[in-house]
Amino acid sequence: MVGSKSGENRGDSKASARARHDFLDKGYYRCLKTAMAERLHGTVLDICCGEGYYDVPSPETVDELLGFDLSKEMVRLAAKRGRAATTGGTSPCTFFVGNLASIPVAESSVDVAMHLFAPFHEKEFLRVLKPDGVLYSVIPGEDHLFELKEVIYDTPYKNDEQAPETEALRLVSRTKVSETVRVPKEDLQTLFSMTPYFYRTSPEDRGKLDSVDGLDLTVEFVILEYRP
Ligand SMILES: C[S@@+](CC[C@H](N)C(=O)[O-])C[C@H]1O[C@@H](n2cnc3c(N)ncnc32)[C@H](O)[C@@H]1O
């Protein structure tokens, strides 16, 4: 089920895959993991699965979980997690390299598609979903990491919570999940490197994070429910 010629150098890099893996393992985004786990049933597809942090399917509700990503390193880490989780009693998990522009999964085969912090592709999402399937797409909430932005920027802005526009799928609900987590100094730069604004921020501004001991941070997510 390898959907691209080589995922070695595509998608997120090896270093960022490892950084994301180590950061998520510390549980800062646990509230989102719990909220997603409650929504999974039947055949689940994790689109752009990254290193598989959210892929802990309960055998009571989920028959199997498939996950794919463009980055070979992400898929390697997800498969490792999947093996450990299956040994611990989850449903079977299969991970593979693939491109969301041509998802290597049969049409009308997915009950629940999960799609977290990744590009949107309405045509492919619609193709793989069963007629009564559901897509959960997650975007950052308006207050997500606001306290971190306050350290870095003179005039920090809030996220716009704009749902991806689609004519093929109906947006039927929005659910907000949030909590406050204490992130120590040593994890702040890793966290910032995972954000989309990292590359738009000067090294001087990034360095401001080194002047704080740690931060109580709001982590806030919007779970968008789409149906065919
Ligand atoms: C911000 S990460 C989110 C990963 C994961 N969903 C999570 O929340 O931990 C975005 C992911 O999308 C993947 N990606 C980007 N473009 C892709 C594409 N065209 N096809 C498949 N995966 C892609 C990247 O490799 C990366 O792992």
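Start with the largest nonpolar core, which has 45 residues; Ala113 and Met114 have the most contacts inside it. Such a core is a set of buried Ala, Val, Leu, Ile, Met, Phe, Trp, Tyr and Cys residues joined through C-beta atoms within 7 Å. Buried means that 20 or more other C-beta atoms lie within 10 Å of the residue's own, with C-beta atoms placed from the backbone. Strand E5 gives the largest share of this core, 6 residues.

This is a predicted model: local features need pLDDT of at least 70, side-chain atom pairs count only at pLDDT 80 or more, and totals for chains, interfaces and linings use all residues. Residues are numbered from 1 along each chain as its sequence is written.

Select Ala113 next. Leaving out residues up to four places away in sequence, alanine 113 touches Leu45, Ile47, Phe125, Val128, Leu129, Gly133 and Leu135. Contact here means C-beta atoms, placed from the backbone, within 7 Å. Another core, of 8 residues, lies apart from the one above; among its members are Leu148, Leu188, Leu215 and Val219.

Now colour the strands. Helices (H or I, at least four residues) and strands (E, at least two) are DSSP runs, numbered from the N terminus. Seen across the open sheet of 7 strands, the order is E3-E2-E1-E4-E5-E7-E6, and the pairing is mixed. Two strands pair if DSSP finds at least two bridges between them. E3 (93-97) and E6 (170-184) are the edge strands, each pairing on one side only.

Go to E4, residues 110-116, which pairs in the parallel sense with E5, residues 129-140, over 6 bridges. Valine 112 is opposite valine 134 in E5. E1, residues 42-47, also runs parallel to E4 and is joined to it by 4 bridges. Here isoleucine 47 faces histidine 115 in E4. Because 6 of its 7 residues are buried, E4 is largely enclosed by the rest of the structure.

Turn to the helices. Helix H6, residues 185-193, lies across E6 and E7 and runs at about 150° to E6. Axes are lines fitted to C-alpha atoms, for helices over the stretch in contact, and angles run from 0 to 180 degrees between N-to-C directions.

Finish with H1 (residues 14-25) and H3 (residues 72-87), whose axes come within 8 Å and cross at roughly 35°. To see the contact, select Lys14, Ala17 and His21 of H1 with Glu73, Met74 and Leu77 of H3.

Note on methods. Two residues are in contact if their C-beta atoms, placed from the backbone, lie within 7 Å. A residue is buried if 20 or more other C-beta atoms lie within 10 Å of its own, exposed if 12 or fewer, and partly exposed in between; C-beta atoms are placed from the backbone.
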